[in-house]
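Hi,

Here is the structure I promised to pass on.

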Amino acid sequence: MRAWTIGVVAGLVLVGALAADLQPQEQAGQLMFDPLKGNCFSCHKMILGVFSGNIAPLFRDLQKRFPHRADLYAKIYDPTVLTPLTVMPPFGRNQILSEQEINLIVDYLYTQ
């Protein structure tokens, strides 16, 4: 195994071990960065982000774009329902994220 791979795996194990002690907003952030879960910032722009993506919209003013919380939840759960050719994975339908994890992310995104 390459050294950087070992470092990433060790980091994910450490983050996973600490997850129980995190506040909901911190848990959402962890999910959004985790390459095995949300990995949102590989595509989405991040405010003041150094390692953010450039193929999906910035996470800002999502309450305006999705006035109904259920619409944002549905977008994360299965974006192919409204946009069949999207490259965004259906996180809920494919069981990448649980309902609780999607709700944490939605709550977090509504604060941005």
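Below is what I found about the salt bridges. One thing to keep in mind is that this is a predicted model.

The structure has three salt bridges. Let's take them one by one.

Start with K37 and E101, whose closest N and O atoms are 3.0 Å apart. K37 sits in the loop between α2 (24–33) and α3 (62–65), while E101 belongs to helix α5 (residues 99–109), so this pair ties together parts that are 64 residues apart in sequence. E101 has a relative accessible area of 17%, so E101 is buried; the cut-off for buried is under 20%.

Helix α5 turns up again in the next pair, since D107 lies there and its partner R69 lies in helix α4 (residues 69–77), so parts 38 residues apart in sequence are tied together. For D107 and R69, the closest N and O atoms are 2.7 Å apart. D107 comes out at 40% relative accessibility, which means partly exposed, and R69 is partly exposed too, at 31%.

That leaves D78 and R93, whose side chains meet in a salt bridge at 3.2 Å, N to O. Where do these two sit? D78 and R93 are both in the loop between α4 and α5, 15 residues apart. D78 is buried, because its relative accessibility is 11%, whereas R93 has 45% and so counts as partly exposed.

Cheers

Definitions and conventions:
Residues are numbered from 1 along each chain as its sequence is written. This is a predicted model: local features need pLDDT of at least 70, side-chain atom pairs count only at pLDDT 80 or more; totals for chains, interfaces and linings use all residues. Side-chain values use heavy atoms; hydrogens and water are left out. A salt bridge is a side-chain nitrogen of Lys or Arg within 4 Å of a carboxyl oxygen of Asp or Glu. Helices (H or I, at least four residues) and strands (E, at least two) are DSSP runs, numbered from the N terminus. Buried means under 20% relative accessible area, exposed over 50%, partly exposed in between (1.4 Å probe, protein chains only).
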